[in-house]
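Reader: I would like to go through the terms used for this model and see what each one rests on. Please set values against cut-offs.

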Amino acid sequence: MKIPLLARALLALVLAGAAGAAAAQSGAIPLPPPPPGTSRLPASTPGGRDPLRAAALFGFSRSQDGGDLSPMLRLEGVLPLSRTPAGLSVGLVAPLRAVYVRPKEADGIETSGVSFEATPGVRLALPLRGGKAAVRADAGVGVVHHRVTVLVDQVFVGRIRETQTSTTGIFRLGLGGSVALSPKLVLDLEPLSVGYDLDGGADWSFAAGVSFRL
C-alpha cells in the first residue's frame with residue numbers, strides 16, 4: 001500500500017518522538033542545588049506512569065475521495081507506559097471509532113452506512129505549561145468494518161434493500177492536544193487524524209471531547 005506524503009510526515013514525527021524518548025531515558029540532566037532555605041518541588045520519577053485515562057470524543061469524518069462530513073464517535077482508553085526526564089510520556093492507546101454515513105440518493109438509489117474501527121497503537125505526549133496542556137501524536141494499526149445499505153427502486157417490484165459488508169486492515173495516524181480542566185477532567189482535541197486501509201480507501205477526521213483520569 002502506497003502511503004501518501006501526509007501520512008509519511010506524521011509517521012516521521014512519531015518516530016522522531018520515540019527516538020527522543022529513548023535518548024532522554026539514557027540519563028537525566030543534573031540540576032544545580034536549590035538556594036539555601038528553599039527546596040525543589042517534587043519531580044515526577046523518570047520511568048513512572050501517569051494515571052490510566054478513558055476518553056469520549058465527537059467529531060466528523062470524511063472520505064478523501066470527497067462527500068459530506070459524517071458524524072463520528074470515538075471512545076478510547078490510554079495506558080501510559082513510561083515518562084522520560086524531559087516529560088515525554090509514552091503509552092498505549094486503544095481507540096474505537098464509529099462513523100455514520102448519511103443517506104444519499106441518486107437515480108433512484110439510496111445508500112447509507114456505518115463503519116466501526118479499532119486501531120490500537122502507541123501515543124507520545126509532550127506536556128506544555130507545567131503539565132496543564134500537552135500535545136501528542138498517535139500511530140496505530142487495526143481493522144475497519146464497513147456496512148452499507150442500498151435501497152433500489154425497481155418498476156413493478158418496489159424498493160429493494162441490499163446490505164453490503166467488508167472488513168479490512170487499516171493504518172491510522174493522528175495529531176492532537178489536551179488541556180487539564182481539573183485534576184481528573186481533561187479537554188481533548190484531535191484536529192487531524194488520517195486513515196489508509198488495505199482496500200485503497202482513505203479518510204480524515206477531526207474531533208473534540210473529554211477524558212477522565214482514573
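**Terms and values**

Author: Ser 70 counts as buried, at 9% relative accessibility.

Reader: Why is Ser 70 called buried?

Author: Buried means under 20% relative accessible area, exposed means over 50%, and partly exposed is in between (1.4 Å probe, protein chains only). Ser 70 has 9%, so it is buried. The residue sits in strand E2 (residues 70-83); strands (E, at least two residues) and helices (H or I, at least four) are DSSP runs, numbered from the N terminus.

Reader: What is the origin of the coordinates, and what is counted?

Author: This is a predicted model, in which local features need pLDDT of at least 70 and side-chain atom pairs count only at pLDDT 80 or more, while totals for chains, interfaces and linings use all residues. Residues are numbered from 1 along each chain as its sequence is written, and side-chain values use heavy atoms, with hydrogens and water left out.

Reader: What is the mean pLDDT of the protein chain?

Author: The mean is 82, and 75% of the residues reach 70 or more; pLDDT is the predictor's confidence in each residue, from 0 to 100. Over residues 21-28 the value is below 50, and over residues 39-47 it stays under 50. Where pLDDT is low, the predicted coordinates should not be read in detail.

Reader: Which elements does the protein chain contain?

Author: There are one helix and nine strands. From the N terminus, the order is α-β-β-β-β-β-β-β-β-β.

Reader: What makes Asp 188 buried?

Author: Its relative accessible area is 0%, so Asp 188 is buried. Asp 188 lies in strand E8.

Reader: Which side chains have a polar contact with Asp 188?

Author: Arg 53 does, at 3.3 Å, and Ser 211 does, at 2.9 Å. A polar contact is a pair of N or O atoms within 3.5 Å; within protein, one must be able to donate a hydrogen and the other to accept it, and residues adjacent in sequence count only if both atoms are side-chain atoms.

Reader: What makes up the largest nonpolar core?

Author: Six residues: Ala 139, Phe 171, Leu 173, Val 194, Tyr 196 and Ala 202. Strands E7 (158-180) and E8 (185-197) each supply at least two residues of this core. A nonpolar core is a set of buried Ala, Val, Leu, Ile, Met, Phe, Trp, Tyr and Cys residues joined through side-chain atoms within 4.5 Å.

Reader: What kind of aromatic pair do Phe 58 and Phe 60 form?

Author: Rings of Phe, Tyr and Trp (its six-membered ring) pair if their centres lie within 6.5 Å; planes under 30 degrees apart count as stacked, over 60 as edge-to-face and the rest as tilted. The centres of Phe 58 and Phe 60 are 5.6 Å apart and the planes are at 70°, giving an edge-to-face pair.

Reader: Why is the pair of Phe 60 and Phe 206 called tilted?

Author: The centres are 6.0 Å apart and the planes are at 45°, so the pair of Phe 60 and Phe 206 is tilted. Phe 60 is in strand E1 (residues 53-63) and Phe 206 in strand E9, so the pair ties together parts 146 residues apart in sequence.

Reader: Is Phe 206 buried, partly exposed or exposed?

Author: Phe 206 has 31% relative accessibility, so it counts as partly exposed. Phe 60, at 25%, is also partly exposed.

Terms used
Contact = heavy atoms within 4.5 Å.
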